[in-house]
Amino acid sequence: MNGKQQMLNFILFGHAKTIVSDDDLSIVGTVNLDVRSQELNFEVNPIVYDKLVIEKLTASYFEDLKQSKKIFLKGWKARPKLKSFLEHLSRLFSALL
């Protein structure tokens, strides 16, 4: 699969982020791009070069895609205002979670 797409998985919950690049390298971890993840939570994202592990991560990714829905910007912006408001409101408490 080339390029990037935004997918939303409605069934499973997984906190780990996974990147597989050209079947040669994978990065797996829980780090978010925020101060809390990088400075306070001591989260890590190891880099993996093992071909077998990369194959398993790739297979897992495609299994997850079967239960996911592609997100389009137009549809995202058109979601109900109450839902959008509650999402923004919950961000106020994210530092406490």
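A salt bridge here means a side-chain nitrogen of Lys or Arg within 4 Å of a carboxyl oxygen of Asp or Glu. Arg79 and Glu87 make one, with their closest N and O atoms 2.6 Å apart. Before going on, keep in mind that this is a predicted model, where local features need pLDDT of at least 70, side-chain atom pairs count only at pLDDT 80 or more, and totals for chains, interfaces and linings use all residues. Residues are numbered from 1 along each chain as its sequence is written, and side-chain values use heavy atoms, with hydrogens and water left out.

Let's stay with that pair for a moment. Burial goes by relative accessible area: under 20% is buried, over 50% is exposed, and partly exposed is in between (1.4 Å probe, protein chains only). Arg79 counts as buried because its relative accessibility is 16%, while Glu87, at 22%, counts as partly exposed.

The structure holds 3 salt bridges. Another one joins Asp24 to Lys51, again with the closest N and O atoms 2.6 Å apart. This pair ties together distant parts of the chain, 27 residues apart: Asp24 sits in the loop between strands S2 (17-21) and S3 (25-29), and Lys51 belongs to helix H2 (residues 51-65). Helices (H or I, at least four residues) and strands (E, at least two) are DSSP runs, numbered from the N terminus. Both partners are partly exposed, Asp24 at 43% and Lys51 at 45%. Then there's Lys66 with Glu63, whose closest N and O atoms are 2.9 Å apart. Lys66 is exposed, at 64%, whereas Glu63 is partly exposed, at 43%.

Now for the second largest pocket, which holds about 210 Å³ of space. Its lining has 11 residues, and the closest to the pocket centre are Leu8, Lys69, Ile71, Gly75 and Trp76. A pocket is an open set of points on a 1 Å grid over the protein atoms alone, with protein on both sides within 12 Å along at least five of seven lines; lining residues have an atom within 4 Å of a point. Strand S5 (68-70), helix H3 (73-77) and H4 each give at least two residues to that lining. By type, the lining splits into 5 nonpolar, 1 polar and 5 charged residues.

H4 covers residues 81-92, and Leu82 lies in it. With 57% relative accessibility, Leu82 counts as exposed.

Key: On a 1 Å grid over the protein atoms alone, a cavity is a set of points where a 1.4 Å probe fits but cannot get out, and a pocket is an open set with protein on both sides within 12 Å along at least five of seven lines; lining residues have an atom within 4 Å of a point. Grid points are joined across faces, edges and corners, and a volume is the space filled by probe spheres set on the points. Ala, Val, Leu, Ile, Met, Phe, Trp, Tyr, Cys and Pro count as nonpolar, Asp, Glu, Lys and Arg as charged, and the others, Gly among them, as polar.
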